[in-house]
Amino acid sequence: METMAVLARTAPPLAGTGRRPSAALRPSASLSFASASSRPRATLGLRAAGGARAAGARRAALRPVVASSEVEQSYIMIKPDGVQRGLVGEIISRFEKKGFLLKGLKLFQCPKGLAQEHYKDLKDRPFFPKLIDYITSGPVICMAWEGEGVVASARKLIGATNPLQAEPGTIRGDLAVQTGRNVVHGSDSPDNGKREIALWFKEGELCQWESVQTPWLLE
């Protein structure tokens, strides 16, 4: 049987067709299937269950922010590296060109306590102290953007956390190379958008206005 399998794999193309013999003539495929099916069922069941759990965990970790047709607000922050590198205008223009409405904007030196509150979900991570030092190392640009589905759309404009995995055309994909210097922050949910805007902006700092472009963006 093994000799037949080798002959089937190495046989020259069939005359006039340019194709090798079909899979039906290759005993090796049948042998592989028989070998797999002969494993104990208990082992296969355990492996299937483990694989399903692992796949479920991967899906949960990669679950994207779902776009909404509701008007939302998102907190976008240009981090110290983005400010120092002179990328403020470039980054703001991405959101303006998309058609979102800027409701709040300021240059701000972040105190340590505010940085710790903002990133409190990461406080148990080993990189937390370094992250706080980074965010407080220089001024940041605080922005509040408003629009339909702005939270999910802003995340797409920003790109993956690791710039090397971010798609070309995204802010991080075009302007950054390392996770620890990934230029910009964006809210990951509508609820966090509200929380972060309230955290970084004082009452009265947001402007209530309407853009004359709105009829040309929305029906």
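## A pocket and its surroundings

In this predicted model, the tour begins at the second largest pocket, whose volume is about 490 Å³. Select Gly 99, Phe 100, Leu 101, Glu 146 and Leu 217: of the 19 residues that line this pocket, these lie nearest its centre. Next, colour helix H5 (88–98), strand E2 (101–108), strand E3 (140–148) and helix H11 (214–217), the elements that each give two or more residues to the lining. The largest contribution, four residues, comes from E3. Colouring the lining by class shows eight nonpolar, six polar and five charged residues.

Which of its residues are buried? They are Ile 91, Ile 92, Ser 93, Arg 94 and Phe 95. To see what covers these buried residues, display strand E1 (71–78), E2, E3, helix H8 (150–158), helix H9 (171–175) and strand E4 (184–186), which are among the covering elements.

Finally, colour the whole chain by pLDDT. The mean is 81, and 69% of the residues reach 70 or more. Select residues 1–11, over which pLDDT stays under 50; the model has 13 contacts beyond four places in sequence for them. Select residues 21–50 as well: pLDDT again stays under 50, and here the model has 17 such contacts beyond four places in sequence. Where pLDDT is low, predicted coordinates should not be read in detail.

Note on methods. Residues numbered from 1 in each chain as written. Predicted model: local features only at pLDDT ≥ 70, side-chain atom pairs only at ≥ 80, totals over all residues. Heavy atoms only, no water. 1 Å grid on protein atoms, 1.4 Å probe; cavity = no way out; pocket = protein on both sides within 12 Å on 5 of 7 lines; lining within 4 Å. Points joined across faces, edges and corners; volume = space filled by probe spheres on them. Nonpolar A, V, L, I, M, F, W, Y, C, P; charged D, E, K, R; others polar. Buried < 20%, exposed > 50% of the residue type's maximum accessible area, 1.4 Å probe, protein only. Contact = heavy atoms within 4.5 Å. pLDDT = per-residue confidence, 0-100.
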